[in-house]
Amino acid sequence: QVQLVESGGGLVQSGGSLRLSCAASGRTFNFRDYSMGWFRQAPGKEREFVAVVGSPATHLYYADSGKGRFTIFRDDTKSTVYLQMNNLEPEDTAVYYCAACRGLYYTESIYRTESYYEYWGQGTQVTVSA
């Protein structure tokens with residue numbers, strides 16, 4: 001059984017910061033074999049890609065909405081991926097999900113496609129007040 005558990009969400013004022021974490025576990029799950037992504041779903045909208053990190057950890061992509069404000073990074077020793085979010089805006093309000101995609105070096109178009117992600121977390125709520 002593979003588990004992805006997100007944490008770090010909450011309520012923050014516009015311009016504030018949050019760091020989301022996603023810890024992966026599972027007897028047969030080798031974190032180092034997976035690219036790790038973040039998606040989000042705002043109320044009334046479809047889930048959308050936010051960021052992904054493969055391996056090497058310099059292989060990463062961001063949605064335009066987060067470029068310059070969000071940073072994704074991974075710690076393979078802790079089987080954890082993080083999303084540092086700065087200068088948050090009300091439009092960032094959403095449930096944030098982490099997901100695992102087997103393989104380490106794909107094109108951006110693949111990483112943006114949800115069906116390539118094998119495992120998903122339950123989500124963590126981020127609310128940004130104006």
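In this predicted model, Trp120 is found in strand S10, which covers residues 119-120. The relative accessible area of Trp120 is 25%, so this residue is partly exposed. Apart from neighbours within four places in sequence, Trp120 is in contact with Leu4, Phe39, Arg47, Tyr97, Cys98, Ala99 and Glu114. A polar atom of the Trp120 side chain lies 3.4 Å from the backbone oxygen of Tyr117. Between Trp120 and Tyr96 the C-alpha to C-alpha distance is 11 Å, with a separation of 24 residues in sequence.

Tyr96 also belongs to the largest nonpolar core, which holds 28 residues; Met36, Trp38, Leu83, Met85 and Tyr96 touch the most other members. At least two residues of this core come from each of S3, strand S4 (34-41), strand S5 (48-53), S7, S8, S9 and strand S11 (124-129). In soluble globular proteins, nonpolar side chains tend to be buried together. For Met36, with neighbours within four places in sequence left aside, the contacts are Leu4, Cys22, Phe31, Ala51, Val52, Val53, Ile72, Arg74, Val81, Ala99 and Ala100.

Leu20 stands opposite Leu83 of S8, and Leu83 is one of the core residues that touch the most other members.

Ser79 is found in the loop between S7 and S8, and its phi is near 50 degrees although the residue is not glycine. The relative accessibility of Ser79 is 22%, so it counts as partly exposed. Asn87 is found in the loop between S8 and strand S9 (94-102). The phi of Asn87, likewise a residue other than glycine, is positive and near 50 degrees. Asn87 counts as partly exposed because its relative accessibility is 43%. Most residues other than glycine have a negative phi.

Aromatic pairs number 11 in the model. In the pair of Phe29 and Tyr119, the ring centres are 5.8 Å apart and the planes stand at 85 degrees, so the arrangement is edge-to-face. Phe29 lies in the loop between S3 and S4 and Tyr119 in strand S10, so this pair ties together parts that are 90 residues apart in sequence. Phe29 counts as buried at 10% relative accessibility, whereas Tyr119 counts as partly exposed at 23%. Phe73 and Tyr82 form a stacked pair, with 4.9 Å from centre to centre and 20 degrees between the planes. Phe73 is partly exposed, with a relative accessible area of 28%, while Tyr82 is buried at 15%. Ring pairs also link Phe29, Tyr119, Phe31 and Tyr34 into a cluster; Phe31 is one of the residues in contact with Met36.

Notes
Residues numbered from 1 in each chain as written. Predicted model: local features only at pLDDT ≥ 70, side-chain atom pairs only at ≥ 80, totals over all residues. Heavy atoms only, no water. Pairing = 2+ DSSP bridges. Helix = DSSP H or I, 4+ residues; strand = E, 2+ residues; numbered from the N terminus. Buried < 20%, exposed > 50% of the residue type's maximum accessible area, 1.4 Å probe, protein only. Contact = heavy atoms within 4.5 Å. Polar contact = N/O pair within 3.5 Å; in protein donor to acceptor, adjacent residues only side chain to side chain. Core = buried A, V, L, I, M, F, W, Y, C linked by side-chain atoms within 4.5 Å. Phe/Tyr/Trp six-rings, centres within 6.5 Å; stacked < 30°, edge-to-face > 60°.
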